[in-house]
Amino acid sequence: MTKETNTIAAHPCFDKEAKHSHARVHLPVAPSCNIQCNYCNRQFDCVNESRPGVTSTVLKPFQAFEYFRALHDKLDNLSVVGIAGPGDPFANAEETLETMERIKSAYPDKLFCVSTNGLNLFPHIDKLAQVGVSHVTITINAIDPAITASVYKWVRFNKKVYRGIEGAKVLLEQQLKCIPALKEKGIIVKINSVIMPGINDEHIVEVARVCADLGADVFNCIPMIATKGTEFENLKQPDSKMVFKTRMQVSEHIELMSHCSRCRADAAGLLGKDLKDTHVMLKEFAKREPFTEQERPYVAVATREGLLVNMHLGEAKSFYIYRQSPKGFQFVEERAAPPTGTGDNRWLDMAKLMKDCRALLVSGVGENPKVIINSCGTRIIEMTGLIDEGLDGIYNHKPIRSIAKQDAFRCGSNCKGNAQGCA
Ligand code: SF4
Ligand code: SF4
């Protein structure tokens, strides 16, 4: 199996089977856009990869990293990290690249994916390959400048705004040269085309032919949604006959993607089965302030003997506190856990006890304390094994072998505490 077929197999958007087993998350770190599509209302998410509807929360790269970590702890099968808006990833190149670099260094096994209009992609292709991006989607709605000009209101490139045919030519030149450049780096290229009746429906087959000749791997025909407040708000939406016909024509030139879920720029979970509470998590993570290493130098551990992470949060009567020093990890002190019997206040007290700790290693924890303590800035990690392995993961940004969710300790199953505090 080649590297490419291997990565396709693990990507839910590129492999129908993986759709049921591998989850993806979109990290909304890219708020601005460098073009204005006539079907896009900028109050909503970019429709290149997402269904317009509700404006996303935007995260800074460090917040996106924390959010990803929390989701990774929650989902067994999170395999793809995508950046698809809510604007364009390369109109916000710094944020996009920083987010991917942070995640890549801690989770090197994840697949990285970006979805862009392609205008400012070319200068970043080397960097994308370096970070390990395996999939790139470019939205190309036409390859004839006269048609392209009718799809976009303006294009902002190298600090200059272009309109009409001039803008279309600038956009096309940048988009098309990216395809062979990405292929040269071994990156899988998907092309999206938005079907706009009377504008490009007859022309999409030509887009597919040209992109396939340039080396694109997969093609996705997306029916336009007439969005209120846009130039095309009164344009008829393509009917199923038109969509079917376009897809059939395209499939003669290039592999067709047929199971696109048109996910939001902040979607997370299995395709078509997104997690429901991510908007709450996103809002919470968007409020986070970066902490300095001086503010949170320690890691707390729930342990019986100081060698293994082997206690559930609710049963721990105390926590061992460690720090990193030039000589290795050092035990600092033992801190008594707050008394039981005070409901959620116990978890708030515990969060206060940990206010100088960047993480807390436990062998199990209930959902309530996890949310409370995480939201106070101490990351809770469920793991079993050597304390040193956990500390290495936290301080040196290495992956931590967290316990399989189905094997996680269930509160009350064999808890030696009061078995009522963690649920
Ligand atoms: S590229 Fe996306 S965000 Fe930008 S205008 Fe087009 S649809 Fe909107
Ligand atoms: S929806 Fe698009 S950007 Fe998101 S994971 Fe799938 S292919 Fe990548």
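**Exercise 1.** Find which residues of H2 meet which residues of H9 in this predicted model.

*Solution.*
Step 1. Locate the helices: H2 covers residues 61-74 and H9 covers residues 278-286. Helices are DSSP runs of H or I with at least four residues, strands are runs of E with at least two, and both are numbered from the N terminus.
Step 2. List the contacts (heavy atoms within 4.5 Å). From H2 come Gln63, Glu66, Tyr67, Ala70, Leu71 and Lys74; from H9 come Thr278, Met281, Leu282, Phe285 and Ala286.

Residues are numbered from 1 along each chain as its sequence is written. Local features need pLDDT of at least 70, and side-chain atom pairs count only at pLDDT 80 or more.

**Exercise 2.** Describe how H2 and H9 cross.

*Solution.*
Step 1. Two packed helices are described by the angle and the distance between their axes.
Step 2. The axes of H2 and H9 come within 9 Å and cross at roughly 140 degrees. Axes are lines fitted to C-alpha atoms, for helices over the stretch in contact; angles run from 0 to 180 degrees between N-to-C directions.
Step 3. H2 and H9 are therefore oblique to each other (under 35 degrees is roughly parallel, over 145 roughly antiparallel, 65 to 115 roughly perpendicular, the rest oblique).

**Exercise 3.** Work out the layout of the sheet that contains S2, S6 and S7.

*Solution.*
Step 1. Three strands form an open, antiparallel sheet in the order S2-S6-S7. Strands pair if DSSP finds at least two bridges between them.
Step 2. S2 (35-37) and S7 (160-162) are the edge strands, each pairing on one side only.
Step 3. S6 (residues 152-157) pairs with S7 over three bridges. Valine 155 stands opposite tyrosine 162 in S7.

Definitions and conventions
Chains lettered and ligands numbered in written order. Heavy atoms only, no water.
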